[in-house]
Every structure is written in C-alpha cells, then in structure tokens.
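These are my notebook entries from an afternoon with the model open on screen.

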Amino acid sequence: MENIININEINNLLTINISEEEVNIILKKAKQLKGLTLKESSGLLSIKNPKLLKELYDAAFFVKKSIYGKRIVMFVPLYISNICANKCLYCGFALNNNFITKKKLTVYEIKNQVKLLLKRGHKRILMVASEMISSDENINYYIEAIKTIYSTEYNNNKIKRVNVNVAPMARKDFKKLKDANIGTYQVFQETYHKQTYEKLHIYGPKSDYNNRLNAIDNSFVAGIDDFGIGVLLGLYKYNFEIIAMLMHIKYLEKKYNVGPHTISIPRVKPAFGSIYASNPEYPVTDEELKKIVAILRLSVPYTGIILSTRETSNLRDILIKLGVSQISVESKVMPGGYNDEDTMNSDKLEGQFNLNDQRSLNEMVKSLLLNGFIPSFCTACYRTKRTGKFFMDLVKRGEMKRMCNINALITLKEFLDDFADDIDVKQLGYKIIEVEKKMLNDVDFNLISEIFCKISNKIRDKYI
Ligand code: SAM
C-alpha cells in the first residue's frame, strides 16, 4: 500500500493554505491544460473565499471546454445482480440486508432489460454486479452477461459498449473480462483511508483494503488499459480522499504511462436497510462537491469525470459545467429495474441507494441541448482501439476534441431520427446540429454532410 498511498505525505499536504496570489498562479497554470501537482491541488482545496471559488469554477469551465468541447457522453447502468457476499455498512446490497429483494438476473431477463434500453435509444451500458463468494461463479456470470448484452438486438440496434463495475478479481479472470471486449473496467476504492475502510467493510472479500487498492494494477497487467476509479464521498474527509485518489493516479501514470480513463465521485445516499447510509460520518455538501469537481478537472484535465443520477437534476446541470464529461441517465439500481413504464417512472426505493435525477433520456437530451451541450452516444474510441496510452496521447495533442465533436453530432442525429419522441427535442436538436455544422472547417463540413446523407438513407452506426 505504501508505494501507492503515503499517509504522511497526504497529511502534510492537507496542512497547506495558499494566498490569493498563489491561487491565481495555480489557476493560470491549470488553464495551460498541463494538470497540477499534488501540492497545487491541495492548495486549491484550501480555498474558502467566494471570489476565489468563482475563479476556480471559471477556470474549470475553461479547461472543460478546451478539452472536451461541448459533448457530454451518456450511458445507462444495468444492474444484473444484488445477491452479495459482502457486508458494507452503507450499501443496500449487504449480505444481511433482508429489506430488499435479492436476485441475480437470468440470461433471458438480461436480454429483456437490454431490449428495453435499446428501445429507448441507449448505446452504452455500465454493467454493475454484486460479488458472490466463488470467484469462478463471479467471472462466469459476468462473461455470460456481457455476451448477452452485446448479442441482444432490438430493431436492428445493439449495445455498442459495455463498461463494467464489478469487484476486483484474479489476473486470470481480468484477462477473461478483457477478452469479453469490455470498454472500461471500473472499481471504486470507496475510501482510501484504511482504518475507515476496515470499519465499514466488515465482512466478505471486499473487506480486504489492499486487494481493492491493487485491483487496477492487476487489471492493467491482465491487458485492461482502460480503467475507471472513484471514491464514495461521505465515508471519510473529502480532502483526504481527493488527494489520495490523485496520488493513486500519479502512481498509475508513473508505473504504466496511463492514467484512469474516468473518475467517479458518488456521494453516499440513503439506502434501504442501511442506517449508516442515511447518516454518513463525513457528509459532503453541494458546495464541496462543486469544488471537488472543479479541482479534479484542473488536476487531471484529460480524465473523464462521471456523474450519476444520485445527484439532483439542478446540481447535475451545474456540475456538468464545472467539468463532468459523462453522465448516467434514467438509472435504476436494482436488477430488473427497467421492466416496464411503471418502474421506469417510479420512485421505488428498493435499489442499492436512492436516486435524485429521474429525467428520461429525451428530457436529458433536451436539457443538455438547452444548456449549450451536445449529448453524445458515441462509442467510437473503444471500437477503433483508441484506448489507454493511445487515447491519452490523442487527447493531449488536442485531436480527440474534433473527433468527439463530430461523433457527438452523428450520434445525436441518429438519436433524433430514431428515438426522440418529443417534437421539441427533435426541432431543437436538428437546429443545433445545423448551427454546429456551420462552425466546422470545410473538410469536416463535407465529411459530416456525407455521413448525414447516409443516415437519412437509413444507414446507421457511422463514426470517425
Ligand atoms: N461489487 C462491485 C464492487 O465491489 O465494486 C460493485 C459495487 S456497487 C454495486 C457499485 C458502487 O455503488 C460502489 O462501488 C459504491 O461506491 C456505490 N454505493 C454503494 N452504496 C451506496 C450508497 N448508499 N450511496 C451511494 N453509492 C453507493
């Protein structure tokens, strides 16, 4: 653990307090899109003055626009199981929690869930599973589920990218996950503070802090170069967690020359059957979450930041401007949650935790468009093997922004043609596509015009 997380160094960094002049120097450097040192990120965490916070947010918005342009990638989580061998005090899936219905979807049920998501226009799934005691049972089930998701068809549509959020596993099993063609392997450390980790993960394979911390190393060695990390905010002091997570990133970058593809920043939400989740020890306020997103955006400018529907629609709209680049939409956090219109629209709490943004995909697309963003269903990078170091180098050279922009417009047009069920969304979307097209250079204008022609002739799944 010591070579990844150095507690003494973190504690020293957290004593840093910086002057207004130092803040300005750091923000100026951040705007050059070169990222920040741990010392600089810690300095920004000490900002309290509202005027300086505003400058921090402006800088984050600048960096966000410079690297990602206007596109926001959307995905939907698919929970396939909640029968869990772990007892994590904050989680609704905990082994001893009998307040929720526990189940593991069959292949047939997974297929049905995927069809319902395809029918709505989704292209990207984040497959989420609980952890059972037998590692063979785990990996065999994950692989079967991934194959099922990729092979399910509805009206000539298929899911194009399956990211997975599942427990750490042995390298030989990570290799199988890689061979199953996953997009990103995602695992959250939950808390980098070992004593807190051990206090909250009281039973089961997940109670091994080091096994969790080494998960990304093991997945990388097994060939997965596209990985996502995160912390569950509320378990320990957020300042500590952010610096520890950045330290983890620096370690990975140094060792493998690749950083995480994404960072997730979930906050603990109330969960059925968990007393702890309704009253976490270190709750993070909305203002603190804004600061966290902005500092992460400046510290690791090339890493995607993921925001889930745990947060309210109002706050999500704000955080998207501060640096979030990927969002989940229409989420249900119980296996089988997408079954019918009733469950899609319900506030049923029987999931892993409570959700606060219930906007439909159409409503989310509309909201993004109205806020000046381009909703994107693009899955091109992973399909053209633009992952890991290759991806990071493209982003750093500024080449990704162009491709992301064009692919976002292509996938938006396909969505509007095939799935938008609201005339306002269609009109607004087509209008914005026209405006965006006019801003392209001649070569890209011609390229996209040709692709749009094909889309009008019912040819689908185009990307550059
Ligand atoms: N079995 C997988 C693993 O070990 O990572 C998946 C765990 S869980 C299904 C996915 C994530 O949900 C967890 O990593 C945790 O961060 C988050 N989570 C759990 N309980 C939560 C709660 N009460 N509120 C918000 N997020 C929660």
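**Entry 1: ground rules**

I take helices (H or I, at least four residues) and strands (E, at least two) as DSSP runs, numbered from the N terminus. The model is a predicted one, so I note that local features need pLDDT of at least 70 and side-chain atom pairs count only at pLDDT 80 or more, while totals for chains, interfaces and linings use all residues. Residues are numbered from 1 along each chain as its sequence is written, and side-chain values use heavy atoms, with hydrogens and water left out.

I looked up backbone angles next. Most residues other than glycine have a negative phi. Asn-257 has a positive phi, near 70°, and is not a glycine. I found Asn-257 in the loop between helix 11 and strand 8 (262–264).

Is Asn-257 buried or exposed? I use buried for under 20% relative accessible area, exposed for over 50% and partly exposed for in between (1.4 Å probe, protein chains only). Asn-257 has a relative accessible area of 52%, so I wrote it down as exposed.

Glu-330 also carries a positive phi, about 55°, although it is not a glycine. Its loop runs between strand 10 (326–328) and helix 15 (341–345). Glu-330 counts as buried because its relative accessibility is 7%.

**Entry 2: the ligand**

A polar backbone atom of Tyr-90 is 2.8 Å from a nitrogen atom of the ligand. For Ala-129, a backbone N or O atom lies 3.0 Å from a ligand nitrogen atom. Arg-212 uses its side chain: a polar atom there lies 2.7 Å from an oxygen atom of the ligand. On its own the ligand has 580 Å² of accessible area, and the protein covers 97% of that (Shrake-Rupley method, 1.4 Å probe; for residues, only the protein chains shown count as cover).

**Entry 3: the nonpolar cores**

I count as a nonpolar core a set of buried Ala, Val, Leu, Ile, Met, Phe, Trp, Tyr and Cys residues joined through side-chain atoms within 4.5 Å. The largest has 141 residues, of which Met-127, Leu-177 and Tyr-185 touch the most other members. Helix 11 (residues 238–256) gives the most to this core, with 12 residues. There is a second, separate core of 21 residues, including Phe-75, Phe-93, Val-128 and Leu-200.

Not counting residues up to four places away in sequence, Met-127 touches, among others, Leu-78, Ile-80, Tyr-142 and Val-164.

Why do I call helix 16 (residues 361–370) largely enclosed by the rest of the structure? It is because 7 of its 10 residues are buried. Leu-361, Met-364 and Val-365 are among them. Gly-372 follows helix 16 and has a positive phi, near 90°.

Phe-415 sits in helix 19 (residues 399–418) and is buried, at 2% relative accessibility. Residues up to four places away aside, its contacts include Leu-361, Asn-362 and Val-365.

Helix 14 (residues 313–322) has buried residues too, including Leu-315, Arg-316 and Asp-317. Its buried residues pack against helix 4 (50–68), strand 1 (71–79), helix 13, strand 9, strand 10 and helix 16.

**Entry 4: Thr-303**

My last stop was Thr-303, in the loop between helix 13 (286–299) and strand 9 (304–307). Thr-303 is buried, with a relative accessible area of 3%. A polar side-chain atom of Thr-303 lies 3.5 Å from the backbone oxygen of Pro-260.

Conventions
Polar contact = N/O pair within 3.5 Å; in protein donor to acceptor, adjacent residues only side chain to side chain. Contact = heavy atoms within 4.5 Å.
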